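User: I have a structure open and want to learn how to read it. Can you take me through it, one feature at a time?

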Amino acid sequence: MTNPCAAGLDEVFDRPPDPSGPLLTLRGVSVSFGGVAALSGVSLEIGPRDLVAIVGPNGAGKSTTLNAICQLVRSSGDITLKGQPVNGRPAWQVAAQGVGRSFQDPPLIDHYTVLENILCGAHLRLGYRMTDQVFRRRHVRRREATMARRAEILLDFVGLAGRRLDEAGSLPYGARKLVDIARAMVAGPQILLLDEPSSGLDHDERGALQGMLCTLRDEQRVAILVVEHHMDLVRAAATQVAAMQAGEVLMTGTPVEVLDSERFRSAVVGHAGHGDPEADGAAAFAVREDR
Amino acid sequence: MAQFLVSLIGGFGLGGTYALVALGIVLAFRATGTFNFAHGEFMLFPAFLIGAWQTSHSASLAVSVIVGLAIVGAIGAAFYLLVLQRATGLPAFMGVIASFGLAAVLDGVMLIIFGSPEYAIHFSGLPTGVVHLAGARFSATSLALTGFTLVLAAIVAGGLRFTAVGRRIRAAGQDPILASQGGINVRRIYMGSWALAAVLAGVAGIAYGSTNIVDPSLTSVALAAFPAILIGGLDSIEGAVVGGLIVGIFQAFVATYLNSELIDVLTYTMMLVVMLAYPQGLFGTRRVVRV
Amino acid sequence: MPARELSTPAGLSEADARTSLTRRPLRLARRLRPRAAWYGVGAMAVITAYFTLGNSAFSLFTLNSCLLAIFGAVALNLLMGTAGLVSIGNSAFLAVGAFAAVFAVRSGIPFPGDVAFGGVLAGLVGMVIGLPAVRLRGLHLALATLAGFFIITYFTNEYQSNARGGGTGGFSVAPLFGSAGLTGQQKDWAWFLFVLVAILVLGATRIAHERSGRAWRMIRDHETVAHTLGIAVTRYKMIAFALSSAVIGVEGGLALHLSGTVTTDQFTLQLAITYIAMVLIGGLDSVAGAVIGAVLVTALPAIVPNLVTGLIGAQSATSDGSAIAEIIYGLLVMVFIMSSPRGIVGLLHALTRVSATQRVTGQLGQWRRKTLGGPIQSGDGGGSTGLESQ
């Protein structure tokens, strides 16, 4: 397994979160879609150096939790980021507060190159105005060069250096996911929300992703909240695990505590055959592991 | 009182025309997800043909009607086969733009073939003269045609709901994958939907042209069908009929009690209000965007 | 084999790496992009010079009509192609610009103030139309702009009917540059419009890229995700509406001064569809495409009668000229949607890609020896292209 190139990450993540106190807190967050409760009273705490994995069967509300944090869905309850309440704010404000997000189905602009796609995430940090684009070309070029450099660093980090000028539409699925993740990182967020980053990746790609997550965790410049199905990845990378089921948080704790507990195993096994074969396989693997 | 009754009946007459046009557009929409902006031309062509052949005594009325409707039906089917099938991957508004292209082509062709004439179409079998009802005078022809369009619209809508063929058409429109797995030839149904939509427009055009004048401005009548569809619900067949009636009656009252200049403005303002308040219309289905 | 593993970037197979090389030459065009706008402006200067050195008032008038149409096409391209906001009522903004200019002239504001006034007013109206539009998408948005069209044309109609000196004949103003005689007037207009178009094209190219371009394209392709990138979606949509309507309004004001008259009958839905055809045929989301499409569609009615007369020698071709032109661009729209939705520009890109691939395949042998032998270079350094391997 190749170790991802970590050089320059401190340049990308140039505003690490304040190490004292929790970074992101959810208290009693509930979301309902037309009468169906997708989330019921979810409470979570993510510290500035945590890598928290949310695990659980399909339909447990994992992605909805991420959506609620990003303000892509309306929720009731308290969501506090860096001590400020963010629930009810417009979504772009939350992003401006330092939240980066990747998605299950990577939403890229197919006609753009990989580099240009990553730069889409640099919107906030670029910060210049439209009038600048017309009249202050040098100013724009300077800002673009700065962010392009960070994009290059991230390209090396995720292993797509050779593809920087490829059209996103021509990429295989695994590469698209990596572009999405790199885009989430380019603005140097203080917390990364990753939605099933390993789904659709093959074994080698998953290994590389695991390396990346571990490196980010060890750099301690960004907190990570990741929704994951692959338990081996969770065990290797996560500092904390939150198990969810049917819109509620079952339990939280270290990976060993949660993944080996009876409550979690029965919750996952109880849903066996209902959907995600990866989760079933991973659950079986988890069971096999402690022999 | 007499004025009110005249407006009401007149509104039904107009509404019948709109209902037929709206029915056609909804059918086409359920098939391919796009609106047809060439519907006005579908209305005009058979009316022109009948007018031209009646004036030059080239063919009997029945033949003109059949030929006219057959031609527009064929154009509708051909448009689906050649253009829309290829456009399946593209966003919905591409289909709209394609229908603009079709409208331009048909406009040009009709200009060359027919010029810019005014025709009055006569149906010899229809009752003529004047009917007195509650102190108001109505043209027997327009009453007959009103009844005809309404009955036809009801038959088509009812047929789609209650017959086996109708159910297949609705299924194909609602869930093409499921329908084709159930043995329904979805492509053929879509083609038939477009042909039927064109024919309905042609009938509406002929009916409208019989009570008014057939000239190139007939195409703008079809534009009123869009508010009708929106009020009734974009994908609802019953909604198209109801919406058509509502718009027709509304327009008749505006013409009588306000100013005929205001008809288009108020119709479309009403549509705008409905779109913002009830985007799914009276009978349509709600759409939820999920990330 | 260890050597082979070192040679490809993590997670990629050799086949992927090869694909990446064949894509590279296409990206040369990308680096040239900001300068491509200058080349386009240069080409337009040459064309303008060619016609102004001739003496055909008719050709000059066609040229000027094309230059005017470029305004609307570029504006509509930004709104529809880049930001993905469908607007089928765009000719209403031409009306706003023209009638606002009339109003300004009558209120004592001469050229160019009246055109500027028309543009500003059109921009404001565009923002008003944009307000409900930001909540709508796709077909709903198209219908909302259609509603806007009817509402706007109602008011311009009212103005024409009720204002002093109005009526069904519309208004007239003294045409600009009128003292130079017919041909001379057209020549002055040609250079005047050229300068304006050049400014427009350069400005439009700049904002269609970089930060604002990326924002609009994210809104177009993945609006929900755009929020999470910190893009203020509503603001960008409103700006797109305001800018494009303002530019179209300026076109309306200029057209008023070019032709000297204006009536509400001019501003039909057919006209709006013509502009949409321009943008589509030229290529969505491309300023060059908008220019090409505008010229093509505007010049068609002028070229067609001569073409048809030459082909079949029919005399009636002149009267049917505009009808035939309509058929042609309607067919072009459908053909492009069927085969190449990115229009003429998309076709050109596809062609250059094909020839570049053929060129590069021969280099594949060299490439294999170079890269498979040693450690991978990181990318191709500083944005240079694979053409260097030649």
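Analyst: Start with where two chains meet. This is a predicted model. In it, 36 residues of chain B are in contact with 33 residues of chain C.

User: Which helices of chain B each supply at least two residues of the side that touches chain C?

Analyst: They are α3 (61–84), α4 (92–114), α9 (225–232) and α11 (262–277) of chain B. α4(B) gives the most to that side, with 17 residues.

User: How is the size of an interface often given?

Analyst: Often as the accessible area lost when the parts come together. Here we have residue counts instead: 36 on chain B and 33 on chain C.

User: Now chain B by itself. How many helices and strands does chain B have?

Analyst: Chain B has 11 helices and two strands. Along the sequence the pattern is α-α-α-α-β-β-α-α-α-α-α-α-α. The radius of gyration of chain B is 19 Å, close to the 19 Å that the globule rule gives for 291 residues, so chain B is as compact as a globular protein of that length. The C-alpha trace of chain B spans about 60 × 45 × 35 Å along its principal axes.

User: What percentage of the residues of chain B count as buried?

Analyst: 53% of the 291 residues. Look at contacts too. Take those in chain B between residues at least 6 apart in sequence: 75% of them join residues at least 24 apart.

User: How are two packed helices described?

Analyst: By the angle between their axes and the distance between the axes. α1(B) passes α8(B) in a left-handed crossing.

User: Which residues touch the most other members of the largest nonpolar core?

Analyst: B:L23, C:V74 and C:V333, in a core of 318 residues. Helix α8 (residues 186–211) of chain B makes the largest contribution to this core, 17 residues.

User: Which residues is C:V74 in contact with, leaving aside neighbours within four places in sequence?

Analyst: C:L200, C:V201, C:A204, C:V247, C:V287 and C:A290.

User: Next, backbone angles. Which residue of chain A has a positive phi although it is not a glycine?

Analyst: A:E196, with a phi of about 50°. A:E196 is found in the loop between β7 (191–195) and α9 (203–219) of chain A. C:D285 is not a glycine either, and its phi is near 60°. C:D285 is found in the loop between α12 (269–282) and α13 (287–312) of chain C.

User: Is A:E196 buried or exposed?

Analyst: Count C-beta atoms within 10 Å; 20 or more others make a residue buried. A:E196 has 23, so A:E196 is buried. C:D285 has 24, so C:D285 is buried as well.

User: And A:S266, buried or exposed?

Analyst: The cut-off for exposed is 12 or fewer. A:S266 has 11 other C-beta atoms within 10 Å, so A:S266 is exposed. A:S266 lies in helix α12 (residues 262–270) of chain A.

User: How many residues apart in sequence are A:S266 and A:L9?

Analyst: They are 257 residues apart in sequence. In space, A:S266 and A:L9 are 40 Å apart, C-alpha to C-alpha.

Conventions
Residues are numbered from 1 along each chain as its sequence is written. Chains are lettered from A and ligands numbered from 1 in the order in which they are written. This is a predicted model: local features need pLDDT of at least 70, side-chain atom pairs count only at pLDDT 80 or more; totals for chains, interfaces and linings use all residues. Helices (H or I, at least four residues) and strands (E, at least two) are DSSP runs, numbered from the N terminus. The radius of gyration is taken over C-alpha atoms; the globule rule is 2.2 Å times the number of residues to the power 0.38. Two residues are in contact if their C-beta atoms, placed from the backbone, lie within 7 Å. A nonpolar core is a set of buried Ala, Val, Leu, Ile, Met, Phe, Trp, Tyr and Cys residues joined through C-beta atoms within 7 Å. A crossing is left-handed if the near helix is turned anticlockwise from the far one by less than a right angle, and right-handed if clockwise.
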